[in-house]
Amino acid sequence: MALPVAEWRGRTARLWAALDPALRERLAAASLHEAVRLGCDLLRTEEEEEAALVRLCHRAPTDKKPEAASWYREQGNREFKRGQYQAALRLYSKAASHELPGSPEVSVCFANRSAALLHLGHFEVCLEDIARAESHGYPERLLPKVLLRKAECLLCLERLQDAQDIFRVLESKIALDGVMTTHLTRLKKLSQLKIKLGEKQRCPEPARGARGGIQGKPEIWEENNSISGASSSLSLSFDAERGRHLVASQDIVPGQSLVKEEAFVSVLCPGESLPLQDGDTAWDTRATNADLYCHRCLRQLLASVPCQGCSYAKYCSQDCADMAWQQYHRTECSLGALLLTLGVFCHVALRTVLLAGFAEVSRLVAWSHREGKKLQSPEARCKPLSEAPDAGAGSRGIPGCGSNGRYQSSYQALFHLLPHTEQHSPEHKFLCTLSVVAICKQLQAAGLEAAVLNQESPQQWSKPKTCEKTSDELSPELMTVAEAMLRHVLQLQCNAQAITVMQELEPGDGAVVDKKPVRLATAFFPVLSLLNHSCCPNTSVSFSGTAATVRASQPISSGQEVLHCYGPHWCRMRVAERQQLLSQYFFECRCRACLEELESGVKSVVSIRNSFCCPKCQAQMQGEEDTLCCSNEACATSASRDHLSGRLQDLQQQIKKALDLLKVGKADQAIKMLLKCQMDAGTFLSPEHLLMGEMEDHLAQVYATLGKWQEAASHLKKSIEIVEMHHGPSSVETGHELFKLAQILFNGFAVSEALSTIQRAEGILSVHFGPHSAQIQELQEMKACLSQLPRNILQRT
């Protein structure tokens, strides 16, 4: 949710409509500084709006609730008893996030979670949770239970001496316990583990080979002297039409890394659901991004470390939690509900200011006042910005460069990204202004101004602040903060970068893993923002945590511009739809794909492939009106566009029902329903329609769950043919489909075909994700396993 919740958007829209026309005109033409001042005046007089915002925040609570912790822990225990250890793990984490710091119950959450981790085979993380339980005061009477678990983990990790030490501690504790019967089960297990330990100590440890993951070829990388995080194969250029942009300074080959940049700031997108707390509704047990990924480094979570002040923020380690607290979370912690209500863009804007530091923020805001509207005019942008802060002769007049002429991934570069103040709609600017002012008013009311201005000592960071009554007037410093935040919120419409991750889809038995890209976080990447858009880009972007890597997806000649796709790729969407989506970036795309489609007048290949076909002769249906006619003149059949669209929607619902059957283990019924859907689709959809490919993919998935590898491979090959038609044979989509086919052929023991598919998938995916990505490593492991088979088996297959 990039923008505020719908209710707040609706209220600001009604308030805007009710304003005096003269005031609306002033706000529409106002500078950022003036807009903030007027927004402060409005919120001060419109007390009803502030009260409404407070009520909205109650729907997204982030404070700790011991009663919620108790409920989640009980649900976790229930799932644990059912053997659903993954579900229990998530529920124990939710429970821990709601427990009050220092309470004995939080130690029980960690101990319970360690039991789930042991069953899932995560021994190292299990030991970390046991240590957390002990450090949080786990009850002495229950300690033998977790010590036994600790010994079992140590044995599994072959840390024999450590396990022996734990056994001695356990024996002494049990010997001191007067009621021995309570420990009979544990004593029995202890004796079994000691036998196991003795066997391990007698057996010589096998020599470990230097396996440790298959190493790919090292990437050749030479840092650019003028652009931080960029390859030396790029140069920075600037002109009035394209602004700042990157150009190849030498010939570039596919797969070559061009940019490696850590996000200046990133904020985790919370996911599709928030805690449900209306009336008697139970707390939400669904896992969202906020439960699955570290709120600082975006690493996937197994056993989260909760924030001590709120129930929302979760981290992969205590180090990440401490770093986040020091950098920004000590300010954000008590504002969690407000930030969730006002959306990710506002959250990114606040965190950007906190990471930059008030001194740098105020310096650049003051400079922007001196420049006034001069920066926004095309004439000014064409001239060398000799008056820009830190700009020198070496910067060649390019905004964001330092005095040494170097363009760095810094706050200065970020600040110089265009906010397009005059091009946003007045209503949108009004919404952003009121939202930013509301955050700054809350910062002041909660006594957090000193933290924002970096005026606190570390000793004052230990706990979130409590609310204090202060003046309704924002201080001059917070007015500066609000202005910078408004600038960043407006910048994000054109410069926000979605950090995506490949997430596994349900259902699946692990034999064949189906994944899809999921938006994980929103970030500012100052160097990545230098890449202009093309609907047919020559680069591919991938992410590892908060780091982005840009690679060439096709050959780029020296002097050619390096281009990135902002979303609507020419393979997926017709030019009219692309142009409509791209209007949010305030430019008209004139890339090669758009010009060819616009100037030729030829109907888009996308629309032809995704068209309806005649129910009688299967020729393409055509027409721009409500009634479509068969392109075969001898047939002359016509049909209503609405009728065919209705059939398509019904078909999609039937496919969804088939997948729901698969989730509950009814694979045979799912196959029957999908085959029926295929027959129905063949009567009115083009054979190349993407949905036809999706159905083939779903059938492959169902057959794979049944272990029918040959049938699964047959359907997936048909899906790949359609994916190649739509996205191209070297596209990332084709690479992902080939990866799945490689898994199916590997599991089905089709050795020679598996090896050739692995080689092709490896070639495509290494271009998009690099030679060291997880998928490439898995492909290489499959290849190594197949290559080690006896020669006679390889010859037969």
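Trainee: Is Glu223 buried, partly exposed or exposed?
Mentor: Glu223 is partly exposed, at a relative accessible area of 36%. Buried means under 20% relative accessible area, exposed over 50%, and partly exposed in between (1.4 Å probe, protein chains only). Keep in mind that this is a predicted model, where local features need pLDDT of at least 70, side-chain atom pairs count only at pLDDT 80 or more, and totals for chains, interfaces and linings use all residues. Residues are numbered from 1 along each chain as its sequence is written, and side-chain values use heavy atoms, with hydrogens and water left out.

Trainee: Which residue does Glu223 form a salt bridge with?
Mentor: Its partner is Arg406, with the closest N and O atoms 3.9 Å apart. A salt bridge here is a side-chain nitrogen of Lys or Arg within 4 Å of a carboxyl oxygen of Asp or Glu.

Trainee: And is Arg406 buried or exposed?
Mentor: Arg406 counts as buried, at 19% relative accessibility.

Trainee: How many salt bridges does the structure hold?
Mentor: There are 31. One of them joins Asp129 to Arg113, with the closest N and O atoms at 2.6 Å, and both of these residues are buried.

Trainee: Which residues are linked in a network of salt bridges?
Mentor: Arg26, Glu34, Arg37, Asp41, Arg44 and Glu473 are linked that way.
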